[in-house]
Amino acid sequence: MPILSIRDEKEFATIVNSAKPVVVDFHADCRLASRAFSELSNTFIGVSFYRVNVDNLEDVALEADVRVLPTYMVYKDGKIMGQTAGIDSRNLHAMIRLHGAL
């Protein structure tokens with residue numbers, strides 16, 4: 001499944017308020033983390049995957065209280081259902097399995 005980049009604050013708000021689970025990757029340029037996120041986007045059905053480049057959307061990162069990069073969050077109906085940080089793809093996989101594949 002393709003991973004879409006979020007372009008602005010309005011789009012971010014629309015996406016995270018979806019009734020469908022969405023996983024958001026708050027990132028700067030990191031190929032290793034990007035690869036793991038991309039692989040997981042093909043594993044989970046019924047979950048949408050998005051990316052927020054914190055260098056381009058600082059206000060979105062501040063609103064989400066992102067303190068470590070990369071940070072991954074699962075949102076549903078505007079609420080954070082799960083969160084993990086760092087490049088350990090096992091933690092990301094477990095979080096999506098627990099909170100995203102509802």
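Me: Why does Phe12 count as buried?
Reply: Its relative accessibility is 3%, and buried means under 20% relative accessible area, exposed over 50% and partly exposed in between, with a 1.4 Å probe and protein chains only. Therefore Phe12 counts as buried. This is a predicted model, in which local features need pLDDT of at least 70 and side-chain atom pairs count only at pLDDT 80 or more, while totals for chains, interfaces and linings use all residues. Residues are numbered from 1 along each chain as its sequence is written, and side-chain values use heavy atoms, with hydrogens and water left out.

Me: What makes Tyr75 buried?
Reply: Tyr75 has a relative accessible area of 5%, so it is buried.

Me: Why is Ser18 called partly exposed?
Reply: The relative accessibility of Ser18 is 25%, so it counts as partly exposed. Ser18 sits in the loop between α1 (9-16) and β2 (22-27); helices (H or I, at least four residues) and strands (E, at least two) are DSSP runs, numbered from the N terminus.

Me: How many aromatic pairs are there?
Reply: The count is four. Rings of Phe, Tyr and Trp (its six-membered ring) pair if their centres lie within 6.5 Å; planes under 30 degrees apart count as stacked, over 60 as edge-to-face and the rest as tilted.

Me: Why is the pair of Phe12 and Tyr75 edge-to-face?
Reply: The ring centres of Phe12 and Tyr75 are 5.8 Å apart and the planes stand at 90 degrees, so the pair is edge-to-face. Phe12 lies in helix α1 and Tyr75 in strand β4 (residues 71-76), so the pair ties together parts that are 63 residues apart in sequence.
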